Structure formats: structure tokens, C-alpha cells
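Please have a look at it first.

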There are 2 protein chains.
Amino acid sequence: MRKVEISSIGKTKETWLQEALAEYEKRLSNVLQIKWTIVSDFKKLQTPYIALDVLGECISSETLSCKLIDLFDRGGSRLRIVIGDADGLDESILAKSMWRWSLSPLTFTHQMTRLILLEQLYRSFAIASGSRYHK
Amino acid sequence: MRKVEISSIGKTKETWLQEALAEYEKRLSNVLQIKWTIVSDFKKLQTPYIALDVLGECISSETLSCKLIDLFDRGGSRLRIVIGDADGLDESILAKSMWRWSLSPLTFTHQMTRLILLEQLYRSFAIASGSRYHK
């Protein structure tokens, strides 16, 4: 079973977001174990990690699927993904990342970022398995 | 009061999504009136409209804010935005649009697209008014 650790600054307060995240975690449960961690000091983050960065690389879901499967393979089926706060991550934190990934040039709330991230993880596995979720 | 009509193919079934959309509609209620319409035949769409297209133009939230305010001004405070189905919109529908806008090179569900769109509309007005929502 592949494992992903998603590190961010705070808890999910909104009920709708908790429900949405739970829905995608449930759908992913056969292929991916998700661990949410709260970060108090990004400088103490253990490498390697993928850093979400609005100015990072924007890729399609198809390319993402290939890339993630490859990164899981090279990382012993484990990945860590870091979500910054409203101001994004410091340059020093970005510099230590294995990949600066941008979900979009648009700025999202970090709550919304979690949901988009989870949906894209689900979509990545759906693409890799050839399921009908992604057409 | 500015008005936006968002046209897509289906209703919002998920409870969490209904709650999330309601939250952003409430936040927008002082500045923007939102009308959701269901489209059975995209070819009958009235122009002008903005077409969401994964291969369209990707811009930052700051640029989007300027662009949308300008489009509202030029459109008599009205805009129509069209969301396609899982396969996106036909080329003939895209060709008639005033702007092909991409939220991201990533593919999203059309449910998620609605939520991201509404959050970005809210963010656009927050940027234009200098509110602290967007830093």
C-alpha cells in the first residue's frame, strides 16, 4: 500500500470540507493511505518532500499520474507533500523540495488546496488503472 | 449589483458541495448575484460567454480580478460562464466564446469546478476591494 503524508499548517474546520475529504479518503483507501500532519515549523520538515507552490510547475492530470507513480516507486511507495499558508512557503523550504508543484497559477485557500490535492491523487490512480473516473 | 450566470450540465448532488457553494454565495451576496442554469444543449447557448476549458488561458488570481472587473464593465455588469462536462466543451462552443479560461491544466470534476470558480469569483472581488481575504 502506498502512503502519502500531507503536511500543512492547520486543521480542517469547515464541515463541508471534512465531508469532502472523507469521501475522497474513502475512495482512495484501497490504493493509498493518507496521513495528515500539522506543521508548526516548516524548517523542521524532513526531506524528501514535494512542495506546493503557486509559482511551481503546472502539469496536466495525465502527466501528474505518471509523475506520481514514478515518485512513489523511487520513494519506496512513500511521499510527503507540503502545503504552505496563505503566503506560500519560504524560499528556503521550497529550495529543499524534490519538486515544486503548482495546482494552478490561481491562489487557493489551503483548505481548498487539500481538497483539490486529494481529488488529484484519486484521479492519478484512476488514470493509472484506466478507470472511467477520468475520461 | 453585478450578475453572473453559470451554465453547466447538471445539478449539485453532493451535500458537502451544496454547503460549500452556499457559503461562497452568501459571502458574495453583497457584490454579486449568481444564477445557476442547467444546459441541455450547449449549441443553444446565448453569446457572449466565457468558456471554461482545460486548454484555455491560465492566469493568476490577481490578473483574473482585473480581467473580470473589466469584463463586467464592458458587459453591462453581466457575465455568463459555461462549464462543460467531463469531456469539456466542443470546439464549436469554444470558438464562439469571448474567452477560453482554464482554472488549471489539471482536470477537475465539474462539481469541483463550480466550487473553485465560486471561490475565485469571491477572491477576485476581495482583491479588487483590497480585503484581507487575499494576501
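Predicted model: local features only at pLDDT ≥ 70, side-chain atom pairs only at ≥ 80, totals over all residues.

Copies are superposed here by least squares on the C-alpha atoms of residues with pLDDT of at least 70 in both. With that in hand, chain B is brought onto chain A by a rotation of 180 degrees with 0.0 Å of shift along the axis, at an RMSD of 0.0 Å. The two copies are thus related as by a two-fold rotation axis.

Residues are numbered from 1 along each chain as its sequence is written, while chains are lettered from A and ligands numbered from 1 in the order in which they are written.

Now the contact between the chains, where two residues count as touching if their C-beta atoms, placed from the backbone, lie within 7 Å. Chain B contributes 23 residues and chain A contributes 23 residues. On the chain B side, helices H1 (15–28), H2 (61–74) and H4 (110–129) each supply at least two residues; helices (H or I, at least four residues) and strands (E, at least two) are DSSP runs, numbered from the N terminus.

Next, the sheet of chain A, for which strands pair if DSSP finds at least two bridges between them. It is an open sheet of five strands in the order S2-S1-S4-S3-S5, with parallel pairing. Strands S2 (32–38) and S5 (99–101) of chain A are at the edges, each with a single partner strand, so one side of each is left without a neighbour in the sheet. Strand S3 (residues 50–57) of chain A pairs with S5(A) in the parallel sense over four bridges, and A:Ala51 stands opposite A:Arg100 in S5(A).

How do H2 and H4 of chain A pack? Their angle is about 85 degrees and their axes are 8 Å apart, where axes are lines fitted to C-alpha atoms, for helices over the stretch in contact, and angles run from 0 to 180 degrees between N-to-C directions. H2(A) and H4(A) are therefore roughly perpendicular to each other, a term covering 65 to 115 degrees. Among the residues that meet are A:Leu64 and A:Leu68 in H2(A) and A:Ile127 in H4(A).

Finally, in chain B, H4(B) lies across strand S1 (2–8), S2, S3 and S4, running at about 165 degrees to S1(B).

Technical notes: Parallel < 35°, antiparallel > 145°, perpendicular 65-115°, else oblique.
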